[in-house]
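Could you walk me through this model, one question at a time? I would like to see how each answer is reached.

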Amino acid sequence: MKEFFKYVLATMTGIILFTVVMGIFMVISLVGMIASAEQKTEVKSNSVLVMDLSGQMNERSNSNVMTEFMGEASVMGLDQMLTAIDKAKKNEEIKGIYIEAGAFAPDSYASMQALRAALADFRASGKWIVAYADTYTQATYYLSSVANKVFLNPQGIIDWHGIAAQPIFVKDLLSKFGVKMQIAKVGSYKSATEMFTGDKMSDEDREQTQAYINGIWEDVTKEVAASRKLTVDQLNAYADSLITFADPNQYVSMKLVDKLLYTDQIKTEVKKLLEIDEDDDINQMSIAEVAALPDEKSEGEEIAVYYAYGEIVDGAASNPVEQGQEIDAQKVCKDLEELMNDDDVKAVVFRINSPGGSAYASEQIWHQVMELKKKKPVVVSMGGLAASGGYYISAPANWIVAEPTTLTGSIGIFGMFPDASELLTQKLGVKFDEVKTNANSGFGTLARPFNDEEMHILEKYIDRGYKLFRQRVAEGRKMTTDQVEAIAQGHVWIGKDALKIKLVDQLGDLNVAVAKAAQLAKLDDYYTESYPATEDWLTTLLKGATSGNYLGDQMKVMLGEYYEPFTLLMNMNRQNAIQARVPYYMNIR
């Protein structure tokens with residue numbers, strides 16, 4: 001017995017010592033990271049901005065202490081990348097950009113279009129861009145094609161295949177478990193529910209999907225053709241012949257790349273552009289380092305840029321995987337109210353990237369935008385998605401700017417109510433009985449599906465919500481309800497088509513929206529501040545340890561295109577039954 005206690009005590013002592021040592025190591029590591037982050041970055045002469053295109057890209061950067069401590073890359077932000085490119089363009093010591101393309105997962109073609117436009121602007125300033133990859137995905141080739149020189153591994157691949165949308169349908173899967181969805185919706189193009197009720201696309205959804213993927217591909221091919229001095233027909237022929245599996249030497253003759261090189265040979269090409277000797281080192285700077293360089297002195301009046309991206313929900317997420325990727329109506333309304341009451345803020349650019357979500361939450365944000373608009377100009381800048389609820393909260397703005405490939409509109413609403421009565425009564429053997437005081441006291445019971453009368457009441461309720469949505473759009477866009485109805489019915493529009501039907505006012509990026517806000521506020525000198533403010537390292541660390549932000553980021557990187565279906569299944573039971581959103585999983589490849 002004495003020996004037993006001796007071994008137990010020794011084990012406990014070992015565990016305690018190990019924990020203490022690891023704690024000290026973690027503290028030292030964190031202090032080092034913080035000191036490194038706070039250290040002023042020096043821009044050496046003849047520097048190169050290195051863009052490592054790998055990992056996930058969201059609307060804003062997510063600098064997570066946990067990911068840095070684990071030695072893994074944080075989720076990149078479009079905002080940080082655009083800032084870095086702009087600062088590199090203006091900094092005389094930075095001579096060019098080196099793009100190293102990898103497994104890059106941007107959130108949308110519209111985000112890539114904005115990033116590519118910034119790279120084109122950098123090149124137009126007289127500086128150079130060089131791109132290299134072992135394998136170019138279609139996304140990274142679209143971005144890299146803007147470079148002065150595009151290089152590829154001698155055994156590399158260019159994945160160039162066109163765009164396809166492949167929605168999935170789970171009706172039969174649910175039926176195997178005795179579950180089916182009861183749907184009340186308005187809008188023949190409102191296809192979000194088809195995933196649960198059909199086994200193929202409706203004619204209306206096929207029509208609108210074909211239209212917007214054609215529109216996206218049209219922009220992609222036009223821009224790549226201009227950069228590579230090819231024709232759109234040539235690029236379509238390449239896609240049709242599936243050149244992904246072509247001999248790499250053919251890519252050179254096709255004018256898709258300039259030369260086949262190994263990694264060490266790329267350094268020689270860059271050194272030639274820098275006009276330095278072969279033995280000299282290349283001064284490299286990362287996106288994060290350049291983005292963190294001091295801004296030019298802020299002068300003039302403030303324009304607030306408020307970022308809202310993700311699904312629109314009624315309250316903070318309870319699911320750790322989705323933390324930080326949602327538009328919490330309660331928080332957004334509070335933030336917009338503070339901007340409204342801040343006399344230093346002269347205009348607000350509302351940056352929206354959302355598929356929609358809760359109709360109730362969308363109405364709350366709509367109201368707060370209306371209140372904000374009474375005091376100062378509000379300009380919406382649309383990202384990859386600003387559809388359904390995302391358009392609901394955009395409609396009241398003074399001016400709406402969208403990217404040409406933004407997906408927007410989808411003015412419609414639906415209610416989705418799971419019926420698991422067969423699962424309970426037939427597959428699991430649960431029995432129900434009932435006593436009630438009134439005719440509809442048992443409404444919403446798990447024992448049975450809705451009856452005809454109940455579905456009729458729900459459909460009237462959904463129709464009322466649709467009419468309210470339509471009226472909000474009519475008021476915001478200065479249209480009649482009949483004019484809105486002609487382009488509504490849940491129809492998804494691409495940005496350049498939305499401009500023609502007056503759902504948006506202008507095509508352009510965030511800078512265009514900021515310039516318009518300055519014009520509406522009659523500002524000659526102005527600067528921008530981003531909201532919500534980024535958190536300090538301690539807050540990020542504590543949240544990362546408790547809320548699962550790190551888990552969500554890593555799952556998104558690991559699961560890739562399967563991340564959305566996974567989170568959908570996890571979150572079905574907490575979604576508001578009344579939704580204003582586009583399809584749950586558009587799966588544009």
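Some questions and answers on this chain follow.

This is a predicted model, in which local features need pLDDT of at least 70 and side-chain atom pairs count only at pLDDT 80 or more, while totals for chains, interfaces and linings use all residues. Residues are numbered from 1 along each chain as its sequence is written, and side-chain values use heavy atoms, with hydrogens and water left out.

Q: What is the average pLDDT of the chain?
A: Happy to start there: pLDDT is the predictor's confidence in each residue, from 0 to 100. At least 70 is reached by 81% of the residues, and the chain average is 86.

Q: How many contacts beyond near neighbours in sequence does the stretch 65-73 have in the model?
A: Contact means heavy atoms within 4.5 Å. The pLDDT is below 50 over residues 65-73, and the number of such contacts in the model is 23.

Q: How many helices and strands are in the chain?
A: Both are DSSP runs numbered from the N terminus: H or I of at least four residues for helices, E of at least two for strands. The count for this chain is 23 helices and 21 strands.

Q: Why does the end-to-end distance of helix α3 agree with its number of residues?
A: The expected span is 1.5 Å times one less than the number of residues. Helix α3 (residues 78-90) has 13 residues, so it should span 18 Å. That agrees with the distance between its end C-alpha atoms, 19 Å.

Q: Is Ala329 buried or exposed?
A: Buried means under 20% relative accessible area and exposed over 50%, with partly exposed in between (1.4 Å probe, protein chains only). Ala329 lies in helix α13 (residues 329-341). Because its relative accessibility is 4%, Ala329 counts as buried.

Q: Which residues touch the most other members of the largest nonpolar core?
A: A nonpolar core is a set of buried Ala, Val, Leu, Ile, Met, Phe, Trp, Tyr and Cys residues joined through side-chain atoms within 4.5 Å. The largest has 67 residues, and those touching the most other members are Met51, Ile97, Tyr136, Ile158, Trp160, Tyr251 and Leu256.

Q: How many residues are in the second, separate core?
A: Leu372, Ile411, Ile462 and Ile578 are among its members. The size of this second core is 55 residues.
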